[in-house]
Amino acid sequence: KPTVAIVGRPNVGKSTIFNRIVGERISIVEDVAGVTRDRIYSSADWLNYDFNLIDTGGIDIGDEPFLEQIRLQAEIAIDEADVIIFLTNGREGVTDADEQVAKILYKTKKPVVLAVNKIDNPEMRDMIYDFYSLGFGDPYPISGSHGLGLGDLLDEVAKNFPATDADAIEDDVIRFSLIGRPNVGKSSLVNALLGEERVIVSDVAGTTTDAIDTSYIFEDQKYRIIDTAGMRKKGKVYENTEKYSVLRALRAIERSDVVLIVLNGEEGIREQDKRIAGYAEEAGKGVMIVVNKWDAVEKDDKTMNAFVADIRDNFQFLEYAPIAFVSAKTKQRVHGLFDKIRMISENHALRIQSSVLNEVIEDAVARNPAPTDKGRRLRIYYTTQVSVQPPTFVVFVNEPELMHFSYERFLQNRLRESFGFEGTPIRLITRARS
Ligand code: GDP
C-alpha cells in the first residue's frame with residue numbers, strides 16, 4: 001500500500017483533512033488501549049484508492065523551536081511517504097513558514113501535491129493563485145471543514161502512486177516484525193535470531209527509503225524481518241520521540257503477517273507496552289508476546305507463572321497470543337521462536353471448510369441456545385469464512401440486533417476450541433440473511 005503524508009505549518013488544517021480522509025475508524029480495542037487519542041496514522045480507502053495516511057503535524061519533536069519543528073516534520077514526510085500533500089491556508093496566503101516547508105520539500109524527488117485549504121466556496125477560488133509561487137505546480141483548492149475538493153486532490157495524489165508495490169505479497173514469505181518500547185532488546189533479538197542461521201538472503205529496501213527489511217531462509221522457510229533499520233539507532237533528531245517510534249511501529253505492523261510484541265522481563269509491563277499491543281490487535285495481525293532479558297530476572301519456580309498472569313491480566317484482548325520467555329543475550333529459547341512464528345502465520349491464513357464450520361456452529365448452538373430478546377430468538381442460518389489474515393467469518397441470522405456481545409464471544413471461543421487459531425485474532429460479522 002502506498003503511503004501519503006500531510007505536511008504544512010500549524011493551523012492550516014492538517015488534522016481536519018486527515019480525519020476527513022480516514023473517517024471514523026475507532027474500535028473498542030483501541031479505546032481500551034488508549035490508542036485513539038492523537039491519531040497520526042491510519043489506513044484510508046477513498047473511492048477506489050487504498051493507502052496509508054500520516055499526519056506529520058501530530059508528531060511533536062520535543063523542545064525544538066517552531067520553524068525547526070515544521071522542518072523536521074517535512075523531513076519525516078520525505079522519509080516515510082510515497083506522495084506528500086503540502087497543505088497551506090488560502091485565507092492567510094503564502095507565509096514565511098510555508099516557504100520554509102517548501103525549501104525542505106524541494107530536496108526530495110518524491111511527488112509533492114500542493115493543496116490550499118479553507119477555500120470554502122467557489123468565490124474564494126482566486127485565492128489559490130498566490131500559491132503558484134511555491135513552485136509545486138497547480139494548487140488544489142479544498143475545504144476540510146466542508147469536505148470540498150478532496151476528490152480532485154486525491155485523484156492527483158493517486159496518479160503519483162508508485163507503479164510497483166515493493167510490498168506486493170509473495171505468498172511463500174513469512175513477514176514479521178518486532179515492536180516494543182525502546183531498550184526492551186528488539187535489535188538484540190533480531191541479531192540473536194539471525195545468528196541462529198547465517199543464511200541471510202539480503203537486505204531489501206521496503207516501500208520507503210528508510211525501511212530496510214532483512215530476508216533469510218530457515219529450515220526451508222523464507223522469512224522477512226520488517227523494518228530492521230527502524231530498530232537501529234540512526235541519530236536523527238526525531239527518531240527518539242515517542243510519536244515517531246509509534247509511527248514506525250504502526251508501519252511495521254501494517255507490513256507484517258506476525259508481530260512480536262517484545263517486553264522487558266526486568267521491568268515488567270508498562271502503559272506504553274499496552275498501547276503498542278493495542279495497535280497490533282487492531283491491525284488484525286498474528287501476535288506473539290516475547291518477554292526478553294529473562295536471564296537478568298531473579299526468579300524462583302513461581303516467577304514465570306506470575307508474569308504470565310500479569311500479561312493475561314494486562315492484555316486481555318490478546319488472550320490468544322502465545323508467550324515466550326527468552327534472552328537475546330544468552331540466546332535461551334530464541335531458537336524456538338521460529339516454530340511459533342511459523343505456526344502463527346499458518347493459523348492466521350487458515351481456511352476452514354464450510355461444512356465443518358457449520359457443524360461446529362450448529363453444535364455450539366445446540367449446547368448453548370442463542371439468546372432471546374423480548375420474545376424473539378436469534379436464529380443462525382449459516383456461517384461462512386469470507387477471508388483470511390485474519391480469519392473472518394460471516395454469520396447469517398434472522399435479526400443481527402439479537403446477537404449479543406457475550407454470545408458472539410461464546411461462538412468465537414467454540415471456533416477456537418475446535419480449530420486452534422493460536423496467535424491469531426478471528427473476526428465474526430453478523431449479517432441479516434437477505
Ligand atoms: P531496542 O531499543 O529494543 O532495540 O533494544 P536493544 O537491542 O538496543 O537493547 C537494549 C539494551 O538491553 C542493550 O544494552 C542490550 O545489551 C540489552 N539487552 C538486550 N537483550 C538482552 C537480554 O536478553 N538480556 C540482557 N541482560 N540484556 C539485554
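User: Where does Asn11 lie?

Analyst: The model is a predicted one. Asn11 has a positive phi of about 75° although it is not a glycine. Its place in the chain is the loop between S1 and H1.

User: Does Asn11 count as buried or exposed?

Analyst: Asn11 has 12 C-beta neighbours inside 10 Å. A residue is exposed if that number is 12 or fewer. Asn11 therefore counts as exposed.

User: Which residue does Pro390 join through a cis peptide bond?

Analyst: Pro390 lies in the loop between strand S16 (380-387) and strand S17 (392-397). The cis bond has an omega of about -5°. The partner of Pro390 in this bond is Gln389.

User: What is phi of Gln389, and does this residue count as buried, partly exposed or exposed?

Analyst: Gln389 is also placed in the loop between S16 and S17. Its phi is positive in a residue other than glycine, with a value near 50°. With 15 C-beta neighbours inside 10 Å, Gln389 counts as partly exposed.

User: Which strands stand at the edges of the open sheet of six strands?

Analyst: The order in this sheet is S2-S3-S1-S4-S5-S6, with mixed pairing. An edge strand has a single partner strand, so one side of it is left without a neighbour in the sheet. The strands at the edges are S2 (41-46) and S6 (140-141).

User: What angle does helix H1 make with S3, and at what angle does helix H3 run to S1?

Analyst: Helix H1 (residues 14-22) packs on the sheet and touches S1, S2, S3, strand S4 (83-89) and strand S5 (112-117). Helix H3 (residues 66-80) lies across S1, S3 and S4. The direction of H1 makes about 155° with that of S3, and H3 runs at about 170° to S1.

Terms used. Residues numbered from 1 in each chain as written. Predicted model: local features only at pLDDT ≥ 70, side-chain atom pairs only at ≥ 80, totals over all residues. Pairing = 2+ DSSP bridges. Helix = DSSP H or I, 4+ residues; strand = E, 2+ residues; numbered from the N terminus. Contact = placed C-beta atoms within 7 Å. Axes fitted to C-alpha atoms, helices over the stretch in contact; angles between N-to-C directions. Buried ≥ 20, exposed ≤ 12 C-beta atoms within 10 Å, placed from the backbone.
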